[in-house]
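Below is a colleague's note on the pockets of this model. Please read the points with the structure open.

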Amino acid sequence: MGARLEPDRAGDAHESIAIRFTDSDARYVVTVRRGVAELVRGEPLPGTPAPLARITTDTDTWKRLALQQDSAAWALLGDRLTVDGSLLDLRRFLAYFRRGA
């Protein structure tokens, strides 16, 4: 995701989200620190802020969302995506990244 980060959009943000993939039970933390994206598998690194939101989904749904081949609304309605935390904060965080192919 680092290559897709738009540093101008992220500005001085220091925020994170947590993602758990149900089909592999893999867990990741995505952190944006002052225009740099960091992806960590497993536990967050020291100094990582508490996640704005915790996302639970499968890898296929995540890929389709990232490529704009699916909508988050339909994934939420279809129980393929759950979000624990603020949807508005999550939307703002994801807007730091360029989406699509």
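**Pockets and their linings**

1. In the second largest pocket, β1 gives the largest share of the lining, namely four residues. Strands here are DSSP runs of E of at least two residues, and helices are runs of H or I of at least four, numbered from the N terminus. The model is predicted, so to speak with caution: local features need pLDDT of at least 70 and side-chain atom pairs count only at pLDDT 80 or more, while totals for chains, interfaces and linings use all residues. Residues are numbered from 1 along each chain as its sequence is written, and side-chain values use heavy atoms, with hydrogens and water left out.

2. The second largest pocket holds about 230 Å³ of space (a pocket is an open set of points on a 1 Å grid over the protein atoms alone, where a 1.4 Å probe fits, with protein on both sides within 12 Å along at least five of seven lines; lining residues have an atom within 4 Å of a point). The volume is the space filled by probe spheres set on the points, which are joined across faces, edges and corners.

3. Of the 17 residues lining the second largest pocket, Ala18, Arg27, Tyr28, Val29 and Arg54 lie nearest its centre. At least two lining residues come from each of β1 (14–21), β2 (27–33) and β4 (53–57).

4. The largest pocket has a volume of about 680 Å³, and among its 24 lining residues Trp62, Leu65, Ala72, Leu94 and Arg99 are the closest to the centre. Its lining draws its largest share, five residues, from α4.
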